[in-house]
Amino acid sequence: MYRNKIKKKERKNEKKTLKTIFGFFLLGNSIFLFLSFFSFLFHWKNDQSQLEKLFDKEIIAENLLGKMGATVSHYFIHCGIGVSAFFIPIFLFFTGLKILFMKKEFFNNFYKSTIYKFLFFIVWLPIFFYVIIPDQGIFSGIFGFEIGNYLIHLFGIVGLFMLLFTSIIFYWIIIFRINDSTIKNGMKKKIQNINKKIDTTLQLCNFFDNHPEMDSSFRKKKNMLYSILYKKKEDFSFIDFKIDLESNKKKIIQILNHYNIEICEIKANIGPTITLYEIYPKVGTRISKIKNLKNEIALNLSALSIRIIAPIPGKGSIGIEIPNYKRFPVYMKDILFSEESHKKSHKMELPISLGKTVFNEILIVDLAKMPHLLIAGSTGQGKSVGLNVMIVFLLYQKHPKDIKFILIDPKKVELSIYKKISKSYFATLPNSIEPIITDLHKVKNILNSLCKEMDQRYALFEKYKVRNIKEYNNVIKKYNKYHLPYIILIIDEFADLNMNHKKKQIEIYITRLAQLARAVGIHLIIATQRPSVDVITGLIKSNFTARIAFRVSSKIDSRTILDCTGAEQLIGKGDMLFSNRNELIRLQCPFMELSDIQKIVDFYGNNNKKNEYFFLPEPDLS
């Protein structure tokens, strides 16, 4: 047994040695042929004139590889297949590399996809050069001359041109698997994209023009936003990613095959930030085997980070999220003025746009149903942009009489841009000088006042025997009573409140509002860049079922926000995870420039001067 093992080992070593020798032999020959062919292009006239005497000692060949190079290149190029001879050293070179360094899978894939391409050009190029430049026999060789002449006699020069042109078309059809449906679909998509933009604009314009409830100021607002936001450059096409897609698919399949994981199918969905590859494994495949290959897949795809969803909820597949080489920018104009956005937000009480999904769909949620939102993430990952997008979307969708904001901004600079619209869209304390709360000592008063507003509204609901703000506003139309607006409390940095105030006091107010304020139309959006357990406590989390996580630094922070990992694998710049009632969705937040926000705010401020502040009750100063 021991001797047999030694013999087998010796045979393996012998095979490896022979393989290595043969690999280097092919590499050496490929370089020799390439240099001799290349030199032949410049020195063939001088060497050919003395080819018969070339092996005399007195004759010196001008070819870089001497007399042998001149002879070999003469027979391969001039007497053979012309410039197509250059494919021979290229083919030998890659074969040598495969034998020495590359895996078997590469060999199979390479030869299947490459050999027939070489064969096509070896035949096609000599004939092409003979037809184009018949005087230069060096390019066409005897092969091109003979075949070209024969074809000209058969079809004529015009017929041969047509034959060559047709063969190129057939070649492209075979290589890229083009058929009539793909051409039609490509044309249809281009036409649909153009028509969709025109139709969306016309439909929106018609909607605002034909509906009597949409007053002139609202139409003016829409047109102003359109003019501001549509100055952006057009987005680049998803076609840019199509070579990348096929390459990544092949790499993923190779890795899985290497670890004996069989799959039925693999699909790709291109999103703005990442591409989701859906893998459909064969029955009996353990999910943990694929999850454990996360680092290997990231390494082979040269990806910054990848996220594996195993399994994708509601589907019989496993998802691999891979960052796109180039990001597809999501602009606010794409959200506001899309037909999809209009259809989704039309029946919602407080629609807010969160961005686009990996399936390139616009996600719009109703804050009234969530009913509160917790946002967390590291500095510079997109929280402030996300808040601005939500505010602008609500301003666009709702009339000043229907919505009021309370903005708490401990940083004093993030939300100050909205001061100009404070009279129209803000709820504030009586006799308050600053509509945006930047003084942390006044936070307790505003929260106390908001709780009193909540209690007063419940008293009204009891009087009119209604259960929520929507029913109340429908009922009081008959009595011409005061219309109640929705109130949205936005806190930009919640952690600062806990540092500067008695933590327990603030938490009591926030918890009370989160538990009871939904029915009376008061909703909370709280953001923090410090997602630690002392800031986002269990009591806060239990009342904020809807949460957004931008990129964080650790798995612990991700679990604190979402109760699961994943936020640490995001790639920043608006890339985020939205969790709502155990559903986790990855999104790309829309982008808005500060200058555009300023123009929009200026427009609202100049066109809503008739409205006055919505005053909250006097707070208890105890």
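**View 1. Asp620 forms a salt bridge with Lys452, their closest N and O atoms 3.5 Å apart.** A salt bridge here is a side-chain nitrogen of Lys or Arg within 4 Å of a carboxyl oxygen of Asp or Glu. Asp620 lies in the segment after β15 (614–615) and Lys452 in helix α15 (residues 443–464), so the pair ties together parts 168 residues apart in sequence. The model is predicted: local features need pLDDT of at least 70, side-chain atom pairs count only at pLDDT 80 or more, and totals for chains, interfaces and linings use all residues. Residues are numbered from 1 along each chain as its sequence is written, and side-chain values use heavy atoms, leaving out hydrogens and water.

**View 2. Lys344 and Glu340 meet in a salt bridge (2.9 Å, N to O).** Both lie in helix α12 (residues 339–345), 4 residues apart, about one turn of the helix. Helices (H or I, at least four residues) and strands (E, at least two) are DSSP runs, numbered from the N terminus.

**View 3. Asp557, Ser558, Thr560, Ile561 and Leu562 are buried in helix α20 (residues 555–562).** Buried means under 20% relative accessible area, exposed over 50%, partly exposed in between (1.4 Å probe, protein chains only). These residues cover an arc of only 165 degrees around the axis, which puts them on the same side of α20. The arc is that of the directions from the helix axis to the C-beta atoms. Asp563 follows α20, with a positive phi near 70 degrees.

**View 4. Arg307, Glu321, Asp575 and Arg586 are linked in a network of salt bridges.** The whole structure holds 19 salt bridges.
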